[in-house]
Amino acid sequence: MKLKNKCAIVTGVLGNGSGIGLSIVKKLKTMGASVVGVDVCPDDDGQMSALGCCFICADVTKNSRRIISEVMSMHGRIDILVNNVGTAKGEKDFEAIDEENYYMILDRNLKSTFFMTQSSIPYMKKSGVIINISSTNAIVGGPDITLYSAAKAAVTGFSKAIAAKYGQENIRCVSISPGIVLKGQQIIDGKFEFKGRVVNDSRHLLNRVGKPEDIADMVGFLCSDEASFVTGTDIIVDGGFCGGNLYGF
């Protein structure tokens with residue numbers, strides 16, 4: 001139980017189509033942490049309670065201070081924050097993006113991470129771990145998700161800045177850049193649909209796409225004492241997609 005007596009917050013635990021958030025909750029729970037899941041979608045199916053976890057239904061782009069206050073009331077401490085909220089859903093084609101669409105994508109991917117981090121740090125008592133879920137689109141760029149790519153690049157840079165600012169207070173901050181992650185999607189003849197495109201999984205050096213558990217396992221490691229010397233960096237978990245070819249999806 002490597003995270004026994006630790007309190008972890010994970011955002012985007014229900015609405016993320018990849019299943020990464022829920023997998024992170026399960027991983028941290030099995031490691032002994034007390035986990036609070038946060039999502040704008042209500043937990044109508046009781047998934048969090050079935051896992052023995054608390055749940056807060058709130059919009060992280062607007063309610064970070066209230067969320068943190070509720071967590072402190074529940075557990076009296078915050079040791080781990082996993083900013084998993086983020087999506088490219090709803091992004092228009094580059095030449096059609098207006099201010100409304102611009103701020104919608106930035107709010108979901110950058111503002112949520114920024115203010116959840118800002119609200120949590122005062123309660124980490126000079127020891128804590130912040131994991132920000134970025135994307136390989138921040139590295140290779142996505143031709144159909146230009147704004148999402150930019151927002152995730154900002155998340156990666158923000159993570160390094162937080163690591164630099166709070167490292168001497170023993171607060172670590174790391175970003176993770178997942179590649180293509182699929183939850184229960186059928187792959188036929190090595191091909192699958194991703195963001196409206198047909199992709200061949202042979203473009204991954206490991207000849208498969210990612211599973212939500214691949215990302216959750218990395219989060220679990222980074223939250224443990226075994227990663228106590230890891231901070232201020234971006235961890236790419238993509239099955240070798242970026243290493244195998246340096247062009248976008």
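The largest nonpolar core of this predicted model has 30 residues. Such a core is a set of buried Ala, Val, Leu, Ile, Met, Phe, Trp, Tyr and Cys residues joined through side-chain atoms within 4.5 Å. Buried means under 20% relative accessible area, exposed over 50%, and partly exposed in between (1.4 Å probe, protein chains only). Ile-24, Leu-28, Val-82, Ile-131 and Val-219 touch the most other members. Two or more residues come from each of strand 1 (7–11), helix 1 (20–30), strand 4 (80–83), strand 5 (128–133), strand 6 (171–178), helix 7 (212–223) and strand 9 (234–237). Helices (H or I, at least four residues) and strands (E, at least two) are DSSP runs, numbered from the N terminus. A second, separate core holds 24 residues, including Val-38, Val-71, Met-72 and Phe-158.

Contacts are heavy atoms within 4.5 Å. Leaving aside neighbours within four places in sequence, Ile-131 contacts Leu-81, Val-82, Asn-83, Val-174, Ile-176, Val-219, Leu-222 and Cys-223.

Tyr-123 lies in the loop between helix 4 (99–120) and strand 5. Its relative accessible area is 37%, so Tyr-123 is partly exposed.

The structure holds 0 disulfides, defined as pairs of cysteine sulfur atoms within 2.5 Å. For Cys-41, the nearest cysteine sulfur is that of Cys-57, 7.5 Å away. Cys-41 is partly exposed at 33%, whereas Cys-173 is buried at 1%.

Residues are numbered from 1 along each chain as its sequence is written, and side-chain values use heavy atoms, without hydrogens and water. Local features need pLDDT of at least 70, and side-chain atom pairs count only at pLDDT 80 or more, while totals for chains, interfaces and linings use all residues.
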